[in-house]
Amino acid sequence: MFLIGMAMAHRGADLKVGGTISLRLRRAAPSILRNPAGDCFLRQSEVIYPTSGKSIVKFQLISPAWRLVLGLYLVTGGAGFIGSHIMEEIVRRGEYVRVLDNLSTGSKDNLSSVLDKVDFHEGDIRDPATLRRVFAGVDYVIHLAALSSVVRSIEDPVSTTEVNLMGTLQVLLAARDTQVKRVVMAATGAAYGDSAILPLVETLKPTPLSPYALMKLTGEYYGQIFHRLYGVEFVALRRPTPLPWTRPLKTSHHG
Ligand SMILES: NC(=O)c1ccc[n+]([C@@H]2O[C@H](COP(=O)([O-])OP(=O)(O)OC[C@H]3O[C@@H](n4cnc5c(N)ncnc54)[C@H](O)[C@@H]3O)[C@@H](O)[C@H]2O)c1
């Protein structure tokens, strides 16, 4: 990972397949570097030993630049309202990011400014085979994919439970099995129901009043249990409704 980190320092230089980069190293470099998915992307072409004791190793790039991965983010639900803003910020910071979204309430249009810079996968968080494929090499998961309408959850609690609870469980299982470093999940301030006590703080007792809030809260508890049982690092953010809306929404009454 150290070597990949060094290579990352060059990523802004618009690396092209066939081009070379030079890394100044204190230790011996392997002749080939692979990304976390196991694909070979850099081949050592020349080593120069200056008097400083460090060596300068030239590598030839043999696969596309986005594969120069130090920390690979996966954003589930990245084509949604919140997800697309997070995607833009991750790309702005020059990080590498993969998206998993089934486009049920989100849209690729939300990602138009970054789509050519991200690794987009259309698929469902409830499908373990899809998760196995997209979790390969991922370091950090930002888990946003959900049915986020409170009203919909009251009208159709089954689909909300399937996506928001079972989908979250599948995400946690995939994170455990692929040794993801951290899962950050979008939880909800709706967990506090109609609390008269303000401000809302984590020490308040949750009182979910809808299937949406209940499934989000249960997903949080699942994350805590996965941390205790399997050491999966897990953070849940109980967000209030973010305003202002800056993109058209396919659903209403988000929670
Ligand atoms: N918007 C809010 O007010 C608010 C407040 C607190 C928490 N949250 C949470 O933040 C997250 C994002 O909310 P949002 O407002 O951006 O909602 P959104 O509907 O715009 O985004 C959700 C995304 O998840 C995708 N998705 C849904 N089911 C999926 C599945 N089975 N597999 C893969 N992708 C799937 C949708 O296509 C969509 O792109 C949700 O988890 C939501 O519960 C939202």
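A residue counts here as buried if 20 or more other C-beta atoms lie within 10 Å of its own, as exposed if 12 or fewer do, and as partly exposed in between, with C-beta atoms placed from the backbone. The model you are looking at is predicted: local features need pLDDT of at least 70, side-chain atom pairs count only at pLDDT 80 or more, and totals for chains, interfaces and linings use all residues. Numbering starts from 1 along each chain as its sequence is written.

Let us start with the backbone. Most residues other than glycine have a negative phi, and most peptide bonds are trans. Two residues that are not glycines have a positive phi here:

| Residue | Phi | Place |

Leu103 counts as partly exposed because it has 14 C-beta neighbours inside 10 Å. Gln179 is exposed, with 12 other C-beta atoms within 10 Å. A cis peptide bond, with omega about 0°, joins Leu198 and Pro199; Pro199 sits in the loop between β9 and α6. Helices (H or I, at least four residues) and strands (E, at least two) are DSSP runs, numbered from the N terminus.

Now to the sheet. It is open and has 6 strands in the order β7-β6-β5-β8-β9-β10, with parallel pairing; two strands pair if DSSP finds at least two bridges between them. At the edges are β7 (119-122) and β10 (234-239), each pairing on one side only. β6 and β7 are joined by 4 bridges, and Leu100 has His121 in β7 as its bridge partner.

Which residues touch the most other members of the largest nonpolar core? Among its 47 residues, they are Tyr73, Leu74, Val75, Val97, Val141, Ala175 and Val183. Helix α6 gives the most to this core, with 6 residues. Such a core is a set of buried Ala, Val, Leu, Ile, Met, Phe, Trp, Tyr and Cys residues joined through C-beta atoms within 7 Å.

Finally, the ligand has 32 residues around it, of which Gly77, Gly80, Gly106, Ala146 and Ala186 come nearest; a residue is near if its C-beta atom, placed from the backbone, lies within 6 Å. The elements giving two or more residues to this shell are α2 (81-92), β6 (96-101), α5 (157-177) and β9 (182-188). Of these, α2 gives the most, with 3 residues.
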